[in-house]
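This report goes through selected local features of one protein model. Please look at the sequence and the structure before reading on.

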Amino acid sequence: MAKGPTVVRTVKDLRKRVVKWHAKGHRVALVPTMGALHAGHLSLVDQARKTAQRVVATIFVNPAQFGPNEDLSRYPRDEAGDLAMLRTHKTNLVFAPPIDEIYPPGFSTKVSVGGLDACLCGLTRPGHFDGVATVVTKLLNQAGADVAIFGEKDYQQLLIIKRLARDLDIGTEIRGGAIIREDDGLAMSSRNKYLTGQQRQMAPHLNATITAVAREIADGAPPADAAKEGGRVLAQAGFKVDYLEIRDGATLAPVKAKRPKGARVFAAGYLGQTRLIDNVPVPAK
Ligand code: AMP
């Protein structure tokens with residue numbers, strides 16, 4: 001059987017490897033994850049492999065990005081399964097630190113990206129993006145990779161990470177990876193494991209609805225009307241709708257004009273306790 005990726009648990013060991021690769025002239029790509037891997041994560045690894053000779057994945061369930069009533073304690077964890085998947089996708093190194101390697105006693109710094117976090121998931125999950133921005137800043141600094149790949153599944157997160165990397169002069173290029181979906185359109189997510197059989201059957205309505213909204217807007221429907229109708233459809237399908245909004249794909253500014261360029265449809269909703277998110281571009285006509 002092929003050898004699995006080397007696992008390191010300390011920043012020192014991570015840096016040692018990356019410095020060695022850079023000394024040999026190898027380009028290094030980073031793929032941060034919280035584990036419980038699926039084909040969406042693996043597509044980012046494959047994308048990383050296409051652009052760099054060495055691929056580092058990180059597995060760290062970041063407590064700082066979970067709210068007090070969120071699912072930190074039951075978030076799925078399966079390091080052995082993750083390593084087996086990463087092996088088949090030729091990952092060179094896995095950084096899977098314990099919590100105090102990332103947050104040593106006395107840790108007291110927070111990275112907060114203003115503006116971009118003041119809408120969509122930022123409203124429902126106060127502090128979430130500060131937690132994400134802080135840990136991602138640390139991971140980028142720790143690895144010193146040439147490029148890091150983040151999924152468009154978490155589109156607002158991707159924009160926030162691009163912004164922090166630019167604002168803080170982090171030398172790692174941030175790239176987005178396409179959303180990988182189940183055959184019925186449901187965006188893959190580690191949290192899909194929480195869905196009951198019945199909820200799993202309802203879940204594809206999220207993507208179907210925002211795809212229909214995107215098409216209507218491309219056909220000339222006013223974005224506000226299409227969003228309102230989409231929210232109604234989603235609620236009828238059994239979702240407790242958090243938001244369904246049309247925003248600019250670069251700035252997240254609300255979009256009001258008909259036939260907008262570069263707009264996306266963003267939605268989040270609950271099936272029971274499970275919160276699902278998705279987004280699609282409004283197609284150009
Ligand atoms: P997570 O483990 O959920 O924190 O996700 C780690 C990375 O994988 C993030 O950059 C996510 O945006 C990305 N990701 C999660 N689900 C998908 C998906 N279905 N398709 C593409 N990327 C994804």
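Is Cys119 buried or exposed? Cys119 counts as buried, at 6% relative accessibility; here buried stands for under 20% relative accessible area, exposed for over 50%, and partly exposed for what lies in between (1.4 Å probe, protein chains only).

## Basis of the report

The model is predicted: local features need pLDDT of at least 70, side-chain atom pairs count only at pLDDT 80 or more, and totals for chains, interfaces and linings use all residues. Residues are numbered from 1 along each chain as its sequence is written, and side-chain values use heavy atoms, with hydrogens and water left out.

## Cysteines

A disulfide is a covalent bond between the sulfur atoms of two cysteines. The criterion applied is a pair of cysteine sulfur atoms within 2.5 Å. By this rule the count is zero disulfides. Cys119 is in no disulfide, and the nearest cysteine sulfur, that of Cys121, is 8.8 Å away. Cys121 is likewise in no disulfide, with the sulfur of Cys119 as its nearest cysteine sulfur at 8.8 Å. Cys121 is buried, with a relative accessible area of 7%.

Gly122 is found in helix H5 (residues 121-124); helices (H or I, at least four residues) and strands (E, at least two) are DSSP runs, numbered from the N terminus. Gly122 is buried, with a relative accessible area of 14%. Gly122 and Tyr103 are 19 residues apart along the chain, and their C-alpha atoms are separated by 23 Å.

## Salt bridges

The structure holds 12 salt bridges, a salt bridge being a side-chain nitrogen of Lys or Arg within 4 Å of a carboxyl oxygen of Asp or Glu. One of them joins Arg9 and Glu79, whose closest N and O atoms are 2.7 Å apart. Arg9 lies in the loop between strand E1 (6-8) and H1, while Glu79 lies in helix H3 (residues 79-88), so the pair ties together parts that are 70 residues apart in sequence. Arg9 is partly exposed at 37% relative accessibility, and Glu79 is partly exposed at 31%.

Another salt bridge links Arg181 with Asp278, with the closest N and O atoms 2.8 Å apart. Because Arg181 lies in the loop between strand E6 (173-177) and helix H8 (197-202) and Asp278 in strand E9 (residues 274-281), this pair ties together parts that are 97 residues apart in sequence. Asp278 counts as buried, at 4% relative accessibility, whereas Arg181 counts as partly exposed, at 25%. Within helix H1, Lys16 and Asp13 are three residues apart, so about one helical turn separates them. Lys16 forms a salt bridge with Asp13, the closest N and O atoms being 3.8 Å apart. Lys16 is exposed at 55% relative accessibility, and Asp13 is partly exposed at 30%.

## A positive surface patch

Which residues form the positive surface patch? The patch is formed by Lys3, Arg17, Lys20 and Lys24. Patches are made of residues with over 30% relative accessible area and no salt bridge, like charges being joined within 9 Å and nonpolar side chains (Val, Leu, Ile, Met, Phe, Trp, Tyr) within 5 Å. Lys and Arg count as positive and Asp and Glu as negative, while His and the chain ends are not counted. A charge is placed at NZ of Lys, CZ of Arg, CG of Asp or CD of Glu. Accessible areas come from the Shrake-Rupley method with a 1.4 Å probe, and for residues only the protein chains shown count as cover.

Arg17 is found in helix H1 (residues 11-23). With a relative accessible area of 31%, Arg17 is partly exposed.

## Positive phi angles

Most residues other than glycine have a negative phi. Lys90 has a positive phi, near 55°, and is not a glycine. Lys90 lies in the loop between H3 and strand E4 (93-95) and counts as exposed, at 57% relative accessibility.

Leu252, also not a glycine, has a positive phi of about 65°. Leu252 lies in the loop between strand E7 (240-248) and strand E8 (263-271). Leu252 is buried, with a relative accessible area of 2%.

Asp46 lies in helix H2 (residues 39-51) and counts as partly exposed, at 30% relative accessibility. The C-alpha atoms of Asp46 and Gly238 are separated by 35 Å, the two residues being 192 residues apart along the chain.
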